[in-house]
Structures are given as structure tokens and as C-alpha cells.
Amino acid sequence: MRLPCGLWLWLSLLKVLQGQTPSPPPLPPPVQSFQGNQFQGEWFVLGLAGNSFRPEHRALLNPFTATFELSDNGRFEVWNAMTRGQHCDTWSYVLIPAAQPGQFTVDHGVEPGADREETWVVDSDYTQFALMLSRRHTSNLAVLRISLLGRSWLLPPGTLDQFICLSRAQGLSDDNIVFPDVTGWSPQASIC
């Protein structure tokens, strides 16, 4: 018995598509010879890119800082502070060193069995900018986030292009990139 042409084509296409699982782009290696003592300190989060960000999230991102404090055991305690109106939102986590220098697993301090997250420093000059990539595994997907950090609001030439190129290399579009709205913002140490 012969299958009608359309049905045969549909079944063939289904077989081909079943055999092709889209593989994520390769992840960049961590920065060579990572120097934790130089990386610690306060960073401004100047841009974020991720597969969970959409254009409507741009209005939700206020400027915020991330402070990395290196402990004796090589772990980083990380504190984030974001000003929202007249109050300060804070959150923290711990970065536990992984096999390669500059690569970490993230401990959010939640119960066992929580989503696993790993992060690494992709590039940094330690004095002006850093690029970090984070991947969190949930039960059915991987959440990717790229952070552009700066010691000040002034970045070296080419850093923004490097951030955007890294984002695109990870399969993200310009719609997945958000920058904090700094309109009318000034650092208010009394709030945070």
C-alpha cells in the first residue's frame, strides 16, 4: 500500500525533526588566570541579557550594585542592592569555587533540591569592567543570564560591543538585553 505523498512527506519530516534536538551554543570559558582578590569589591550592574528578559522588563530594571567579598575559603559572598523609590531592595548569595578558576556554583541559601546554578567570569580587567555568564537549570529549561559590570558608569571602548556580541553568540536577540533606566537616578547611600 502506498502512502499519499503529503502523508509520506509529513511522516518523513516528523522523523527528521525528532532526530534534531536543538543544542545550545557552546559556552565561553572562564577568564584565564582569574584573580579573586582583584575581582572583589563593588560593581555597578550596567546591563543584563538573558533568555527570560523581554522588552517590557526594561522599565523594571533600576540601577543596582553587586558587592563581591572574598572569604578565606575562596568563596564570594555577594550582596546586591537596588534602589526603588525611597526604599532599597537587597538580596544575596554565595559563589562556591568550581573546578576552574573564575567558575562557581551559586548557593542561594535555599532548601536542598533547589535549581542548580553555575556562573563564571568570562572577561574582566578588574579595574573597569567584567562580563559574567550564569546558567540556572530548572526542571525543564536552562535560564541564561549575562551581566555587564563596571566599577563606574564609564566603560572602556568596545566593552558594550563585547557584551552584545557575547549575548548574540549565546543565541540572544536585542530584545533579550536590558539596561537600567538611569533617568533621574543618583546614588543615594542613605537609602541602600
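**Loops, core and pocket of a predicted model**

Visitor: Where is Tyr 126 found?
Guide: Helices (H or I, at least four residues) and strands (E, at least two) are DSSP runs, numbered from the N terminus. By that count, the place of Tyr 126 is the loop between S6 and S7.

Visitor: What kind of model is this?
Guide: Residues are numbered from 1 along each chain as its sequence is written, and side-chain values use heavy atoms, with hydrogens and water left out. Local features need pLDDT of at least 70, side-chain atom pairs count only at pLDDT 80 or more, and totals for chains, interfaces and linings use all residues; this is a predicted model.

Visitor: What is the mean pLDDT of the chain?
Guide: pLDDT is the predictor's confidence in each residue, from 0 to 100. In this chain 77% of the residues reach 70 or more. The mean is 81.

Visitor: In what order do the elements run from the N terminus?
Guide: There are 3 helices and 9 strands in the chain. Their order is α-α-β-β-β-β-β-β-β-β-α-β.

Visitor: What share of contacts joins residues at least 24 apart?
Guide: The count takes contacts between residues at least 6 apart in sequence. Of these, the share joining residues at least 24 apart is 54%.

Visitor: Which is Phe 34, buried or exposed?
Guide: Buried means under 20% relative accessible area, exposed over 50%, partly exposed in between (1.4 Å probe, protein chains only). Phe 34 lies in the loop between H1 and H2. Its relative accessible area is 12%, so Phe 34 is buried.

Visitor: Which residues does Phe 34 touch, not counting those up to four places away in sequence?
Guide: Trp 120 is 86 residues from Phe 34 along the chain, yet their C-alpha atoms are separated by 10.0 Å. The residues touching Phe 34 are Phe 39, Phe 76, Pro 101, Gly 102, Phe 104, Val 121 and Tyr 126.

Visitor: How many residues does the largest nonpolar core have?
Guide: A nonpolar core is a set of buried Ala, Val, Leu, Ile, Met, Phe, Trp, Tyr and Cys residues joined through side-chain atoms within 4.5 Å. Phe 34 is among those with the most contacts inside the largest one, as are Phe 39, Phe 68, Phe 76, Leu 95 and Leu 149. Strands S1 (41-50), S2 (64-70), S3 (76-84), S4 (87-97), S5 (103-107) and S7 (129-137) each supply at least two of its residues.

Visitor: What is the relative accessible area of Val 45?
Guide: Val 45 sits in strand S1. It touches Phe 64, Ala 66, Leu 148, Leu 149 and Pro 180, not counting residues up to four places away in sequence. Val 45 is buried, with a relative accessible area of 3%.

Visitor: What is the phi of Ser 33?
Guide: Ser 33 lies in the loop between H1 and H2. At 55% relative accessibility, it counts as exposed. Ser 33 is not a glycine, yet its phi is positive, about 45°.

Visitor: What value is the phi of Tyr 126 near?
Guide: Tyr 126 is buried, at a relative accessible area of 11%. Its phi is positive in a residue other than glycine, near 70°.

Visitor: How many nonpolar residues does the lining of the largest pocket have?
Guide: On a 1 Å grid over the protein atoms alone, a pocket is an open set of points where a 1.4 Å probe fits, with protein on both sides within 12 Å along at least five of seven lines; lining residues have an atom within 4 Å of a point. Of the 28 lining residues, Leu 48, Phe 64, Trp 91, Arg 145 and Ser 147 are the closest to the centre. By class, 7 are polar and 4 charged. The nonpolar count is 17.

Visitor: Where does Arg 145 lie?
Guide: Arg 145 is partly exposed, with a relative accessible area of 30%. Its contacts include Leu 48, Phe 53, Glu 117 and Met 132. Arg 145 lies in strand S8.

Note on methods
Ala, Val, Leu, Ile, Met, Phe, Trp, Tyr, Cys and Pro count as nonpolar, Asp, Glu, Lys and Arg as charged, and the others, Gly among them, as polar. Contact means heavy atoms within 4.5 Å.
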